[in-house]
Amino acid sequence: MEIVGVIVLVTLLVHWRAFSEKVIPHVKVAGVEVSGIYGKDLKQVLEKRFLENPNEIVLKYDNGEQTKVDDLQVVYDYGWTANLAMSAGRSGNLLTQIRERVTYFFEPLDIEPAISYDEDGIEAIVGLADEKVKQEYVPARIALDEEGMPEFVSGTDGVLIDKEYLVELLVKAMKRPGRQVVEVPVKREVVVVNEERKLKSLELASKWLDKTIMLKHENFKMELSTKEVVSLMGVADQALNETAFGELVLLLEKRVNRQPRNAVFKFEKGVVAEFQAD
């Protein structure tokens, strides 16, 4: 055991001496190996490698289309990044330093360089990508065809970009040299159809041909046509088409709702002669 302890101690001393002015082993910057480089030279080395292999970002869409991103203004802080790489395995007490260096041996440290960039430019790129990808969600529904007979309309899945995640991916890609392919992340709202419910709604719709519904509230009247009634029939898990019903509710709120008013009392000779509620 004493011999093993001596060997370990000697190894540590040799390691500390060999890398006293160099980046310790198993340290990278943006995927670029920088182990063994003198600290005084690291800034220039990083700058040279990024200039020799400039950053280029390509957006890749679900359909396989790829679009190169142009005019991204990125400034790299090579000095700060070099200092961060040199500080790896050198912070804290001796035990902490040993633990970090052993950890990096099994799990190499990959440092992201410090950058500054045009946030408006990023937002513009995300906006253009959103326009290319965005697809409005249209729920499946029961409708009437040109001859006035019930039919099933399949609807369309909704697609939109996960904007926050795309910004995160773009910033990460900007920190690496060379060609970086960013797969545009999307969120989907999938059209759901319950076949049993769809058949029941089609059958029910056939019974409502040439029929309407009259909605009344105080002095308000509104007649729902056969087409409007049929559109309320669900084809998913609910008997009601929640989208169509929600649109109907909004319409009714605009037409029926009114601002509250104070009650009106009319007096004649100190006695209430007429009363109007709010």
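Here are some friendly notes on ring pairs, charges over rings and salt bridges in this predicted model.

1. **Aromatic pairs.** Let's start with the rings. The count of aromatic pairs comes to four. One of them joins Phe50 and Tyr76: the ring centres are 4.9 Å apart and the planes meet at 50°, so this pair is classed as tilted. To find the two partners, look for Phe50 in helix 2 (residues 39-52) and Tyr76 in strand 5 (residues 74-77). They are 26 residues apart, and the pair links distant parts of the chain. Both Phe50 and Tyr76 are buried.

2. Tyr78 belongs to helix 3 (residues 78-87), and 28 residues separate it from Phe50 in helix 2. Phe50 and Tyr78 are both buried.

3. **Charges over rings.** The charged end of Lys40 sits over the ring of Tyr38, 5.4 Å from the ring centre. You can find another such case at Tyr61, where Lys132 lies over the face of the ring at 5.6 Å from its centre.

4. Across the whole structure, a search finds 10 salt bridges. Among them is the one between Arg179 and Glu56, with an N to O distance of 3.8 Å. Arg179 is in strand 11 (residues 179-183) and Glu56 in strand 3 (residues 56-60), so this contact ties together parts that are 123 residues apart in sequence. Glu56 is partly exposed, at 29% relative accessible area.

5. **Asp62 and Arg188.** Is Asp62 buried or exposed? With a relative accessibility of 56%, Asp62 counts as exposed. Its salt bridge with Arg188 has its closest N and O atoms 2.5 Å apart. Asp62 lies in the loop between strand 3 and strand 4 (66-69), while Arg188 lies in strand 12 (residues 186-189). This pair links distant parts of the chain, 126 residues apart.

6. **Asp110 and Arg176.** These side chains meet in a salt bridge at 2.9 Å, N to O. Asp110 sits in strand 6 (residues 109-111) and Arg176 in the loop between helix 6 (163-174) and strand 11, so the pair ties together parts 66 residues apart in sequence. Asp110 is partly exposed at 33% relative accessible area, and Arg176 is partly exposed at 26%.

Definitions and conventions
Residues numbered from 1 in each chain as written. Predicted model: local features only at pLDDT ≥ 70, side-chain atom pairs only at ≥ 80, totals over all residues. Heavy atoms only, no water. Phe/Tyr/Trp six-rings, centres within 6.5 Å; stacked < 30°, edge-to-face > 60°. Helix = DSSP H or I, 4+ residues; strand = E, 2+ residues; numbered from the N terminus. Buried < 20%, exposed > 50% of the residue type's maximum accessible area, 1.4 Å probe, protein only. Lys NZ or Arg CZ within 6 Å of the ring centre and 35° of its normal. Salt bridge = Lys/Arg side-chain N within 4 Å of Asp/Glu carboxyl O.
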